[in-house]
Every structure is written in C-alpha cells, then in structure tokens.
Amino acid sequence: MKRSIPAWERAVSRRVFLGTGVAAAGFPVLQAAGAAGDRPGNLRVGTFRFDVTPPIGHSLCGGWIRPVEAVDDPLEAIGYVLLGCGKPIVVCVVDWTGLLNTAHIRWREALAEAADTTIDRVTVHCVHQHNAPFACVDAEQIVLEQGDLPHIIELDFFHRCLDRARTAVETALRQTQPVTHVAHGEARVVQVASNRRILGPDGRVASQRGSSSRNPEHHRLPEGLIDPMLKTVALFSGAQKIVASHYYACHPMSYYGDGRVSADFCGLARKERQQQEPDCVHLYFNGCGGNIGAGKYNDGSKAMRPVLTQRMLQGMVASEERLIPEPIDSLKWVTHDIFPPPDRERFDEARIMKQIADRNQRVVSRNRPAYTVAWLRRTAKNIPITLSGLHINRTSILHLPAECFVEYQLNAQRAASDRFVACAAYGDGGPWYIPTAEAYPQGGYAVSVAWCTPEIDPILTGGIETLLAKAESG
Ligand SMILES: [Zn+2]
C-alpha cells in the first residue's frame with residue numbers, strides 16, 4: 001500500500017521513511033495486514049515506559065516558574081506499539097506540560113524509527129502537568145539567542161529522552177503479546193472538573209477559575225460545562241487485560257510553581273492504579289481539557305493533592321468495572337492533516353521579537369512569546385498538524401492537538417453517537433489554546449494565548465468529522 005509523502009515529511013524525516021521498506025520483513029508473522037478487518041489472531045502489542053524526569057535546575061513550564069529543586073515523584077512516558085494492522089502503530093503519553101512543533105515531530109520520528117513505521121502512525125500526547133518540561137525546541141532556539149533567558153528545554157536532556165524512547169520501543173518489540181479483545185467503559189468522576197471560564201452578565205469572561213482557587217465565589221459557582229465521564233479503552237489478550245487507556249478532560253494540576261516535580265493528581269492516580277494491576281499497563285490521557293480545571297474543588301493546599309488523586313482513581317476503577325471484552329473484528333488507523341492559520345494581526349512576529357529582546361520585561365513576557373513565534377514560523381512552512389483516530393470495532397479513540405476546549409470532545413461524541421468515542425488532546429501543542437469560535441469574543445486568558453484565528457474551530461471540527469467518517473468507510 002503506497003501513499004504519497006508530502007514534501008515537509010520528506011524533509012523532516014527522510015531517515016524514517018527510508019527505513020519503512022523493511023517494516024514488514026521485520027515481522028513476517030504479522031505482515032498480512034490490510035487496513036481493516038484484521039483477523040484477531042494477527043494483532044500483537046508491545047508496551048513500553050521510560051523516565052522523562054528533568055534534572056535538578058531544569059526549567060519547568062517554559063522557564064517562568066521555579067526550576068527543578070526536587071522530585072516528589074518521577075515523570076514517565078508510557079506507550080504501546082500495535083502490530084498486525086499494516087505498519088506498526090505507536091501511541092505514547094508523556095508526563096510533560098507539552099510537546100510542540102519540531103519537538104513533537106522529533107518524538108514521533110524517534111518512536112517511528114524504533115518501531116519501523118512512519119510518523120503518521122505515531123501519536124504522542126502530554127498529560128500537561130506544570131511542574132514539568134514544556135518542550136519546544138524552536139522556542140528554545142529563540143530564547144538561547146537572547147543569551148540571558150532561562151532555557152525552555154535543555155537539548156541534551158531532550159535528546160536523552162529520545163534515546164530512551166528508541167531503546168524502550170526496541171525492547172517492547174521483543175516482548176509482544178497477542179491482542180484478541182477490546183473493551184470500553186466509563187464512569188463519572190466526582191468533584192474534580194469545573195469550567196475555568198466564569199462569564200459575566202455581558203457574556204464576556206469575568207473571572208478565570210484556575211486549577212486552584214481560594215476565592216469562595218469560584219467554589220460556590222456551578223461546575224459549568226464539563227465532560228464528567230472518565231473513559232477507558234482496554235486491550236485484552238484472551239481473558240487478561242494488558243493495556244488500559246484512561247481519558248478525562250481536566251487540567252491535571254493541584255498546585256505547582258514550587259520547583260517540586262510531580263506527575264500530580266492525574267498521574268498519581270495512574271501510578272496507584274498501575275500498582276494495583278502490575279500485569280496491565282495503564283495510560284492516562286488528558287482529554288479536551290483546555291477550559292477545564294479543578295478550581296471549584298481545589299484550594300491549592302497540599303492536602304488536596306491526595307484527595308483529588310483518590311477521586312481520579314475511583315473514576316478509573318469504576319470505569320474499568322464496566323469493561324466487557326469483545327473479540328476484535330476490525331481495527332483501523334486513520335489520519336487527517338490540518339493547517340490552522342495563525343492570527344498574524346494579533347501576533348506580529350517583528351513586534352513580538354522586539355518584546356522578547358527587551359530585558360526590562362519579565363521572563364514570562366519573553367519566554368512565552370517565543371512559543372508564539374515558533375508557531376508563526378512553523379505555519380509559514382506549512383507543516384501540518386496530523387490528527388489521527390484508532391477505530392477498534394465500535395470504539396474510536398481520537399488523537400487531537402494542544403489545549404482544545406471541552407466542546408470539541410462533547411461534539412465528537414455527539415457526532416458519532418453510535419460509537420464509543422474517547423478523546424486524547426494535548427498532542428502537538430503548537431497552537432496553544434484551541435477555543436471554540438464562539439469563545440473568542442468572550443475573551444479571557446485562553447483566548448489571549450490562542451495563536452490561531454477562530455477559523456481553527458471549523459478546521460478542527462471538520463477534521464474530527466473526517467476521522468469519524470473514515471471509521472465507517474471501506
Ligand atoms: Zn493549560
């Protein structure tokens with residue numbers, strides 16, 4: 001099966017594409033594969049995990065909060081490689097704030113290379129903790145050139161993580177297990193998520209309810225629009241559950257900015273679940289949580305982290321209690337490239353570069369705009385964002401970019417009401433926030449750091465519809 005390779009992909013990953021010719025030869029047992037309808041006996045999965053904890057002194061969240069002073073608990077990258085359905089598919093989720101632009105492509109390249117596949121069959125997501133690296137190598141280059149700014153991501157550490165990624169995937173491929181069944185479940189998470197945007201009587205954002213708040217008003221006001229359900233998609237080898245992926249839309253921070261690295265309450269719940277079930281690999285994905293945080297229920301005190309962790313854990317366990325394995329009779333990987341346009345009127349590169357060079361500005365007002373410039377330059381090169389979907393029987397997992405508002409996943413579920421739809425966002429973080437078109441005139445923090453025009457809404461919505469339509473087509 002051939003596909004034409006866009007010029008940008010040839011440029012960024014020549015090595016990987018040259019390597020793909022031998023993919024099938026590496027796994028002769030599995031090569032029968034068409035796109036869909038693979039016999040269950042052909043599917044295999046290899047799982048991997050590796051450490052991505054930044055060293056002491058490394059910048060956190062782009063360098064404008066306190067750098068690493070200590071590690072409360074380590075950060076992990078966790079994933080799996082699926083074999084027997086065409087070229088290998090790689091899914092990975094990382095305990096970082098974000099992976100953006102070239103950094104996101106480099107991760108996918110490294111995983112693709114190790115798995116002998118192409119980067120369009122690799123998806124990488126972040127959980128979005130804030131005492132964690134916020135990796136954009138393009139923005140790093142911009143701040144490096146200034147000479148006086150803290151790093152965004154230290155390149156030697158970044159490359160060490162990619163080396164670990166390759167090794168972990170290569171090891172995973174030597175220890176694969178058959179996959180025969182898929183199951184899905186969902187359960188309500190109680191008292192975690194709330195909408196961050198409190199609208200005033202004029203319809204504009206009057207107050208930002210962040211991840212934590214000591215404002216009684218923020219605790220009193222209703223949750224607002226959220227997706228209360230945590231969803232799980234699990235893969236089974238016979239009767240044994242071997243991979244469980246959990247999806248929930250919410251910023252994952254209980255508190256941050258103290259220099260103490262942690263996977264925070266969503267990652268800690270995942271770790272606890274992992275301990276309970278050592279024979280199954282548990283992954284946790286942040287859904288479309290761009291406008292969602294724990295601020296209604298979280299005062300930011302240390303005591304709340306374990307409380308929120310237990311609430312998430314209860315959601316995971318309850319969701320998994322509903323899993324009913326069914327034999328896999330179809331599996332399909334689909335992709336769709338989008339090109340959301342930056343807002344060059346609001347974000348003028350020359351003006352932003354002047355601000356970055358201004359040594360009287362605070363670090364946040366210099367490092368953060370470096371991410372804007374990275375996006376402006378990336379879009380000028382027409383490098384797409386690749387959306388992907390993994391459709392197994394009537395279950396669809398959608399892989400989406402950046403900080404999507406929750407409306408995108410609610411709409412996706414509605415658009416395919418006859419399927420079970422789970423959404424992982426925080427893939428390529430290049431565009432930063434992705435509000436809905438109607439949220440732009442409401443203003444607020446998220447809109448102020450959304451690098452694209454409202455045109456991104458119909459583009460992303462159309463992309464999601466395409467992924468879902470491809471589930472049904474032959
Ligand atoms: Zn965020």
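With 474 residues, a compact globule would have a radius of gyration near 23 Å, and the protein chain agrees with that at 21 Å. Here the radius of gyration is taken over C-alpha atoms, and the globule rule is 2.2 Å times the number of residues to the power 0.38. This is a predicted model: local features need pLDDT of at least 70, side-chain atom pairs count only at pLDDT 80 or more, and totals for chains, interfaces and linings use all residues. Residues are numbered from 1 along each chain as its sequence is written.

Let us begin with the whole chain. Its C-alpha atoms fill a box of roughly 60 × 45 × 40 Å along the principal axes. The chain has 13 helices and 24 strands; helices (H or I, at least four residues) and strands (E, at least two) are DSSP runs, numbered from the N terminus. Buried residues make up 53% of the 474 residues. A residue counts as buried if 20 or more other C-beta atoms lie within 10 Å of its own, exposed if 12 or fewer, and partly exposed in between, with C-beta atoms placed from the backbone. Of the contacts with a separation of 6 or more, 80% join residues 24 or more positions apart; a contact means that two C-beta atoms, placed from the backbone, lie within 7 Å.

How far can you trust the model? The average pLDDT is 92, and 91% of the residues score at least 70; pLDDT is the predictor's confidence in each residue, from 0 to 100. Over residues 1-40, pLDDT stays under 50. Where pLDDT is low, the predicted coordinates should not be read in detail.

Now for the sheets. Two strands pair if DSSP finds at least two bridges between them. Two of the strand pairs are set out here.

| Strand pair | Sense | Bridges | Facing residues |
|---|---|---|---|
| E1 (residues 44-51) and E3 (residues 76-83) | antiparallel | eight | Phe-50 and Ala-77 |
| E14 (residues 240-248) and E16 | parallel | six | Tyr-247 and Phe-285 |

Helix H13 (residues 456-472) comes next. Its 17 residues should span 24 Å at 1.5 Å a residue, and its end C-alpha atoms are 25 Å apart, which agrees; the expected span is 1.5 Å times one less than the number of residues. Among its buried residues are Ile-456, Leu-460, Ile-464 and Leu-467. Seen down the axis, the buried residues fall within an arc of 140°, so they line one face of H13. The face turned away from them carries the exposed residues Pro-458, Gly-462 and Glu-472. The cover over the buried residues of H13 includes strand E19 (331-338) and helix H11 (406-415). In turn, what covers the buried residues of H11 includes H13.

Finally, look at two aspartates. Asp-116 has a positive phi of about 60° although it is not a glycine, and sits in the loop between helix H3 (101-115) and E6. Asp-264, in helix H7 (residues 264-276), also has a positive phi of about 60°.

Technical notes. Arc of directions from axis to C-beta.
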